Amino acid sequence: MEHKAESIPLAAIEELNLDGSPLSLTRKPEIVPKKAFSHYEYSDGPDKSQQLSSLLKSRDPQTPRTAPVTDRFNLVFLILMLHGVGTLMPWNMFITAKSYFVDYKLNVNGTSASTDEYRLHFLSYIGVASQVPNVICNALNIFVQFGGGTLTFRIIGSIIIEICIFICTVFLAMLDSSSWPGAFFYITMASVVVINMANGIYQNSIYGLAAKLPMKYSMAIVLGSNTSGTFTSLIHILSIAASPNERTAAIYYFITALFVLLACVDTYFALPLLRFYRYYDGLTQKAITNSKKSSRRPPYWKIFCKTWPQCFNVFFVFFVTLTIFPAIHSDIKQVDPNFFIPEKYFTPVTCYLCFNLFAMLGSLLPNWIKWPSPRFLWIPVVLRILMIPYFMLCNYKPDKRMIPVLIDNDWAYFGMAVALGLTSGYYSSLAMMYAPGCVDTEHAPIAGMMAALFLVIGIVCGVNFTFFVSWLVENELF
């Protein structure tokens with residue numbers, strides 16, 4: 001009996017050809033011309049735009065123009081978005097629980113001067129304890145092949161460490177530490193260091209995994225990170241409205257983080273069960289196997305030389321963003337008492353919720369709009385630096401500033417706050433999407449990891465540059 005192609009059942013990965021479909025004796029896939037997409041070049045002719053579109057969709061010169069598999073129900077996209085939520089969960093939850101640490105755990109009678117210092121600069125200590133280990137482990141994860149070089153060991157191992165730290169944090173919340181606030185502070189800082197060391201490896205590795213897939217899947221992680229910020233901002237506003245007990249609220253925060261991280265573990269092991277992921281993972285493994293240099297260490301310098309424009313874009317987007325948000329952003333006070341947002345909610349809404357919500361929406365835009373091209377993305381990214389003096393000239397630190405307030409309209413400030421979030425989400429997503437496309441398929445995970453490293457470096461530099469901006473505003477230079 002003669003079988004038709006339509007009657008062939010779903011094939012296993014071993015039975016698939018390069019197209020991800022059952023082997024055919026009559027049809028050969030259309031091959032993309034072997035051009036150097038890493039240099040953003042394509043051949044001359046009347047169909048330039050069509051050629052560039054094809055190259056953006058496929059980095060491998062032997063990949064068919066149209067992938068024969070689809071992400072059914074966007075499951076892979078949603079899984080990576082969930083992992084994006086997980087990468088920022090430790091930072092967001094510790095920041096959200098600030099009142100628990102400052103007003104409950106460290107605010108005890110008869111505290112020493114050192115404990116008061118911890119309370120006064122708690123967020124600064126959290127920032128240093130979080131970002132420095134994060135940068136170091138992001139960098140090490142690129143060059144040191146933990147777990148035999150497999151991403152699974154690094155991703156799952158890092159998440160398990162984070163889960164253990166959150167369990168210990170919940171346990172500490174249940175203990176009475178009023179007689180040892182100093183020890184509690186140091187235990188908390190140590191836990192923040194460990195959890196961010198693990199998170200640095202996790203964040204870097206998940207971007208490397210997404211780099212195997214089409215460009216929009218790197219965007220899914222950025223979208224998830226901004227969704228995480230929106231979620232915690234809503235929790236913060238609801239806690240102000242309901243005025244819950246700080247200890248109870250903090251326990252809920254940490255338990256929520258536990259459930260999210262457990263979901264990340266489960267969904268990661270679901271990825272190889274999805275045909276769409278197997279197809280692109282197979283292409284990457286095939287490219288590595290066919291590469292003559294597969295047995296050697298990756299050519300890090302050559303990869304960097306090809307990806308550095310996008311690494312710069314990632315760095316500069318987050319440098320400008322973190323210079324303004326949250327330190328400068330949160331210290332801008334309301335000017336008009338009749339503004340539509342009450343003063344009680346002015347900062348939580350115009351700063352935290354506004355930035356995270358519009359950054360999330362900005363991360364979605366590359367699904368439909370990819371402009372400008374990789375070659376010219378640096379232009380709007382660099383122009384964003386004008387936002388720093390704009391926010392400086394708003395009603396920032398009105399009690400301490402020595403320069404005049406030139407932007408005294410709450411609507412003008414609110415409009416730029418929206419633009420800050422939108423451009424941060426949009427341009428960071430574009431840069432993270434473009435970076436893996438600059439190199440050959442077998443080097444795409446390394447390129448994604450390098451972009452993730454520059455993301456964290458941008459955060460650290462932006463956070464520290466905030467001190468210089470604050471000094472400029474608080475000192476009369478002329």
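Reader: Among contacts in the protein chain between residues at least 6 apart in sequence, what percentage join residues at least 24 apart?

Author: Please keep in mind throughout that this is a predicted model. The protein chain holds 17 helices and zero strands, and of its 478 residues 51% count as buried. When the contacts between residues at least 6 apart in sequence are taken, the share that joins residues at least 24 apart is 84%.

Reader: How are α3 and α7 oriented to each other?

Author: Two packed helices are described by the angle between their axes and the distance between the axes. For α3 (residues 98–105) and α7 the angle is about 165°, and the axes lie 11 Å apart, while the crossing is left-handed. Angles over 145 degrees count as roughly antiparallel, and α3 and α7 are therefore roughly antiparallel.

Reader: Which residues in α7 do Y100, F101 and K105 in α3 meet?

Author: This is the pair of helices that pack with their axes 11 Å apart, and the meeting can be followed residue by residue. On the α3 side stand Y100, F101 and K105, and on the α7 side they meet P181, F184 and T188.

Reader: What is the orientation of α2 and α8 to each other?

Author: Helix α2 (residues 75–96) packs with α8 at an angle of about 40°, and their axes are 6 Å apart. In passing α8, α2 makes a right-handed crossing. An angle under 35 degrees would count as roughly parallel, so with their angle of about 40° α2 and α8 are described as oblique.

Reader: Which residues is T227 in contact with, leaving aside its neighbours within four places in sequence?

Author: T227 lies in helix α8, which runs over residues 216–242. Its side chain reaches the backbone oxygen of L223 at a distance of 2.7 Å. Once the neighbours within four places in sequence are left aside, the residues in contact with T227 are M81, V85 and M360.

Reader: Is F73 buried or exposed?

Author: F73 lies in the loop between α1 (48–57) and α2, and its phi is near 60°, a positive value in a residue other than glycine. Most residues other than glycine have a negative phi. Since its relative accessible area is 67% and the cut-off is over 50%, F73 is exposed.

Reader: How does N74 count at 36% relative accessibility?

Author: N74 also has its place in the loop between α1 and α2, and although it is not a glycine, its phi is positive, at about 55°. A value between 20% and 50% falls in the middle class, and at 36% N74 counts as partly exposed.

Reader: Where is P326 found, given that the peptide bond from F325 to P326 is cis?

Author: Most peptide bonds are trans. The bond from F325 to P326 is cis, with omega near 0°. P326 is found in the loop between α11 (300–324) and α12 (327–330).

Conventions. Residues numbered from 1 in each chain as written. Predicted model: local features only at pLDDT ≥ 70, side-chain atom pairs only at ≥ 80, totals over all residues. Heavy atoms only, no water. Helix = DSSP H or I, 4+ residues; strand = E, 2+ residues; numbered from the N terminus. Polar contact = N/O pair within 3.5 Å; in protein donor to acceptor, adjacent residues only side chain to side chain. Contact = heavy atoms within 4.5 Å. Axes fitted to C-alpha atoms, helices over the stretch in contact; angles between N-to-C directions. Parallel < 35°, antiparallel > 145°, perpendicular 65-115°, else oblique. Left-handed = near helix turned anticlockwise from the far one by under 90°. Buried < 20%, exposed > 50% of the residue type's maximum accessible area, 1.4 Å probe, protein only.
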